[in-house]
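Hello,

Here is the structure I promised to pass on. Please open it first, then read my notes below.

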Amino acid sequence: MSDLIYTEGLKKYFKTPSGMLHAVDDINLRIPEGKTLGVVGESGCGKSTLGRTIIRLINATEGKVYFEGQDINTFDKKQLKHFRKDAQMIFQDPYSSINPRMSVAQIIAEPMIVCKTEKDSKAREHKVKELMDIVGLAPRFYNAYPHELDGGRRQRIGVARALALNPKFIVCDEPVSALDVSIQAQILNLLMDLQEERNLAYMFITHDLSVVKHISQRIMVMYLGECIEQSETDELYENPLHPYTKALLDAIPIPEIGAKKQQNIIKGEVKSPIDPAPGCRFAPRCPYAKPECLQGKIKEVEVSPNHKVSCILYY
Amino acid sequence: MDDEKLLDIKGLYTQYDTDDDVVYSVNNLTLSLSKGRTLGLVGETGAGKTTTCLSILRLLPDKIGKITAGEIYFDGKNLIELPEEEMRQIRGNDIAMIFQDPLSSLNPVYTVGMQIGEALKYHGIYKNEKEIDKRVEEMLELVGLPKERKNDYPHQFSGGMKQRVVIAMALACEPKLLLADEPTTALDVTIQAQVLRLMNDLKEHLNTSMILVTHDLGIVAETCEDVAVMYAGSIIEKGSAEDIFNGDKHHPYTVGLFASIPNLKVKTRRLKPIDGLMPDPANLPKGCTFSPRCPHCMDICKTEEPPCVMMGGEHMIKCHLFTSK
Amino acid sequence: MAEISLNKNKIDESTGEVKRRGQIASIWFRFRKNKLALAGLIIFIALIVIAFISPLILSYEEDIITQEISNRFQGPSLEHLFGTDQFGRDIFKRILWGSRTSMFVGIGVVAISLGGGAIIGSISGYYEGSIADNVLMRLCDMFLAIPGTLLAIALVSAFGNSIPNLMLALGISTMPKMSRIVRSSVLSLKNQEFVEAAISCGTSDARIMFRHILPNAVGPMIVEGTLSVARSIISIASMSFIGLGIQPPNPEWGAMLSEAKTQMINYPYLVYAPGFAIVLTVMSLTLIGDGLRDALDPKMKN
């Protein structure tokens with residue numbers, strides 16, 4: 001299967017007063033057409049930065065991102081504008097991600113005006129109504145303003161705006177984490193239906209392991225800017241390898257009585273991603289940590305086909 | 001019922017008077033909690049969970065929020081009739097509350113030690129500075145923080161540690177009842193697991209009763225003995241955790257809530273969410289408030305408020321579907 | 001409070017209609033509740049109406065500048081409501097006529113400072129830390145270091161004394177403050193996700209600034225604008241007072257005050273009318289500004 005998008009050693013560092021912040025560090029991933037890659041991790045692990053770097057909302061520090069075989073970091077203005085039509089983003093916060101001074105119709109039409117895909121205003125209006133129908137927004141909201149709508153409907157506007165340019169790839173940055181469970185399910189269903197109809201590829205960023213299992217075919221677990229485990233979804237949940245992945249899975253509360261008796265709760269908290277020490281970044285919290293963990297970079301090991309893990313336990 | 005009821009709320013109504021309309025936030029809520037038990041109060045945004053907690057503490061926003069009817073018995077006293085002075089003694093001392101956002105519940109210009117000591121000083125349990133200081137150190141160690149950190153300021157703590165400090169503050173006076181309003185929503189899963197375990201341990205250790213407000217059914221299953229499901233200001237189903245998670249009869253809303261969460265164990269292609277939205281609390285539907293979204297809606301549901309049907313034991317469902325039985 | 005904020009979604013599920021209370025309507029609703037601000041608005045509208053109709057009912061040649069020495073220093077009476085000045089001109093009529101200059105110049109000054117401030121502020125805010133930002137902000141700092149009136153005096157002396165020059169001078173002297181206000185709103189807005197969303201469809205910087213960011217920054221700008229109309233009227237008055245603003249015999253409130261100062265001890269009523277007119281205008285605008293600040297802040301809703 002052809003990969004729509006893949007990266008090679010992608011890095012994004014930020015200069016801060018206290019040192020270099022390693023937000024994304026040496027990430028290699030691939031997303032085939034029409035498939036979903038879930039990116040999981042706790043706050044501050046760099047997953048949102050990764051999502052923004054991969055569609056060049058922010059420029060990478062190092063490494064390459066190939067979209068349909070071309071490195072997007074070498075694109076000039078014109079190529080970039082073309083790439084923008086193919087790669088879109090859905091944001092986390094349904095409140096700050098849409099302009100409060102624009103009406104629903106204006107918000108959805110904006111990308112078409114900017115990219116000049118629908119120059120005729122009648123055709124644009126038609127397209128906006130069609131998109132509203134696709135994402136399940138009633139026509140009566142055509143002229144409504146965002147503050148009149150609830151979070152779920154606002155998120156639908158965000159989805160419609162992302163679809164306006166007929167993209168092939170959408171980065172979904174925690175699109176449901178600000179929503180209530182029943183609304184969350186509605187949006188997840190919508191995203192999955194759209195993927196089937198339009199053969200969309202998603203990069204689904206979330207901290208919620210139940211949601212990511214539901215929607216993705218492949219999952220990447222991130223910790224402090226690094227990818228520590230990558231695998232097909234079912235394999236990852238049945239056979240997690242990295243101690244951090246295990247701890248994450250153990251920590252999810254399961255809505256069943258006595259679903260698990262006494263889980264292993266990892267101690268401590270996420271360390272700072274500023275100038276990290278060499279070696280495994282999870283080592284300070286890891287129950288299996290050995291002195292070797294802190295000596296040099298941890299190599300990625302392909303334990304079974306398509307299941308990669310970065311941990312010395314599997315050398 | 002042999003064990004004593006610590007908290008007994010009967011027919012509580014709370015409303016907010018805003019500029020344009022009256023928001024009916026809590027409607028005819030009846031709820032009780034025995035000593036040493038944990039009740040999970042489950043519901044979505046706007047269901048009135050937080051308002052219920054604020055009503056118990058009588059901390060509703062001035063002039064806007066008010067309790068219009070009902071009784072709240074705590075330890076035999078009706079809190080609604082208590083003068084403000086006595087209420088102030090109960091807050092913090094007998095009933096403590098933990099808020100969702102640890103960031104905004106700590107004052108950035110005081111050390112955490114001073115903030116934990118504040119409540120102790122106010123309620124006059126410990127007389128001299130030395131005793132208070134000792135108690136503060138004790139509390140910090142209890143929540144798993146080194147006692148030397150009492151001289152640190154909130155910004156020097158991470159989110160999970162701040163929530164620990166907040167818990168230490170709440171528990172410093174050994175309250176009989178702890179109201180925890182989404183205490184872990186702002187935290188990461190691994191930290192959430194740590195905090196939940198801590199709260200569970202402390203509750204057993206101190207024999208505190210707790211109302212845990214949450215939208216996460218997983219957390220409820222792990223920590224609560226009793227569960228109450230809230231919708232549009234009233235309890236639509238309550239019972240033991242066993243009844244709610246393993247029982248076979250449920251309110252249609254509870255069914256919908258369970259179907260909305262992706263299950264880690266069962267592979268489903270599509271989730272089955274509840275159609276529609278929460279009703280506007282300023283404009284609640286007549287009869288059953290869930291009727292416009294209910295797949296089993298009958299004619300009677302649109303006109304009459306359903307009665308509370310007891311399903312055996314403590315299990316109660318407020319739905320017309322079960323009245324014929 | 002979640003319960004209260006829900007109230008904002010005025011969607012009536014049963015009829016399926018969005019109860020329309022657009023942004024402007026809800027701002028007006030909140031503004032109307034502030035009785036003082038409403039009073040300010042009514043006074044201000046009345047002043048505007050006066051400014052517009054005074055040329056229709058009065059003649060500049062006959063009523064405003066014709067001197068009638070025999071009639072000088074008449075105290076207030078039914079014939080001359082506010083009395084007459086040292087040249088026997090009716091003060092009431094001159095006040096009415098003078099409202100045109102004061103209002104026109106006051107609003108003009110603010111238009112210049114708002115326009116310039118919006119452009120400077122959004123450029124330096126959007127390109128925070130760039131050379132353009134640094135140059136613009138240091139220039140603003142330089143201008144801010146000189147007292148506004150002094151700067152205006154210098155500019156008017158350099159470019160010549162005329163109404164457009166006066167407006168420009170006062171506009172430039174208030175521009176740095178406006179730029180700073182716009183810049184700080186732009187700084188907080190440009191990190192919002194809707195700006196990122198605009199970038200992700202390849203929107204040009206200019207369009208992001210003027211279509212997405214600036215409309216969200218109008219709140220503070222409008223408030224600062226109304227307040228600075230009041231300040232510019234005072235500035236014009238003080239410029240006229242020292243002889244740099246509007247030249248006699250053209251009536252202008254500040255100039256009238258200036259002329260009256262020599263006779264103040266013998267004929268105190270001369271200063272009452274122009275002084276009162278200035279105070280009334282400034283007060284009405286200050287009240288409107290205060291009311292708008294509250295009305296534009298959605299958090300003030302409850």
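Two residues count as in contact if their C-beta atoms, placed from the backbone, lie within 7 Å. This is a predicted model, where local features need pLDDT of at least 70, side-chain atom pairs count only at pLDDT 80 or more, and totals for chains, interfaces and linings use all residues. Residues are numbered from 1 along each chain as its sequence is written, and chains are lettered from A and ligands numbered from 1 in the order in which they are written.

Start with chains A and C. Their contact takes 28 residues from chain A and 23 residues from chain C. On the chain C side, β2 (17-18), α9 (193-200) and α10 (205-241) each give two or more residues. Helices (H or I, at least four residues) and strands (E, at least two) are DSSP runs, numbered from the N terminus. The largest share, six residues, comes from α9(C).

Now the sheet in chain A. Eight strands form an open, mixed sheet, in the order β7-β8-β9-β4-β10-β11-β13-β12. Two strands pair if DSSP finds at least two bridges between them. β7 (87-90) and β12 (301-304) of chain A are at the edges with a single partner strand each, so one side of each has no neighbour in the sheet.

Look next at β4 (residues 36-40) and β10 (residues 218-223) of chain A. They pair in the parallel sense, over four bridges. A:Val40 has A:Val221 as its bridge partner in β10(A).

Best wishes
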